Amino acid sequence: SHQRSAMGEHAATKAESSSAAVAKPSSSLWSNRSPEHHWSHTHTKPRAADMAESIEKEQEEQLTRQQNGYPSPRPNMLTVCSRTLFIGRIAKSVTDDVLYEEFNRFGRVETLEMIGARGCAFVCFATRRDAVQTLTNCQR
């Protein structure tokens with residue numbers, strides 16, 4: 001029991017000394033500072049002109065994407081801009097000439113690789129805009 005009390009006293013003395021060693025900031029150091037004071041030294045607040053410029057730039061980029069036939073960017077989504085569309089579930093009776101004529105109505109087809117045994121084809125358009133336009137029309 002004597003050993004236990006000595007250990008207990010030692011632990012209590014160590015805890016007291018470590019808490020005394022940690023200096024707490026006096027409240028007078030922080031009382032004169034407002035939250036804005038801290039903000040102004042570490043970050044710059046966005047100005048209204050900067051925000052308006054950023055919005056304008058984003059709108060210009062969106063318009064450019066639309067004019068070039070790129071899809072709209074979506075958060076947390078991967079956007080692939082391609083001129084080639086994969087076409088599946090093609091009846092085995094459909095020929096590549098018929099498929100070419102069908103897709104050429106929506107945009108200028110550059111190449112068409114049909115895999116008749118699999119019932120699919122890869123249609124490459126001259127521009128991304130043609131591919132997007134075709135995809136949009138075929139989804140309707």
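Isoleucine 115 lies in strand β2 (residues 109–115); strands (E, at least two residues) and helices (H or I, at least four) are DSSP runs, numbered from the N terminus. This is a predicted model, in which local features need pLDDT of at least 70, side-chain atom pairs count only at pLDDT 80 or more, and totals for chains, interfaces and linings use all residues. Residues are numbered from 1 along each chain as its sequence is written, and side-chain values use heavy atoms, with hydrogens and water left out.

Let's look at the strand pairing, where DSSP must find at least two bridges between two strands.

| Strand pair | Sense | Bridges | A residue and its partner in β3 |
|---|---|---|---|
| β1 (residues 84–87) and β3 | antiparallel | four | threonine 84 and cysteine 124 |

Strand β3 (residues 120–125) is largely enclosed by the rest of the structure, because five of its six residues are buried (under 20% relative accessible area, with exposed over 50% and partly exposed in between; 1.4 Å probe, protein chains only). Isoleucine 115, by contrast, is partly exposed, with a relative accessible area of 35%.

Now to helix α4 (residues 48–67): its 20 residues should span 28 Å at 1.5 Å a residue, and its end C-alpha atoms are 29 Å apart, which agrees. The expected span is 1.5 Å times one less than the number of residues. After α4 comes glycine 69, with a positive phi near 80°.
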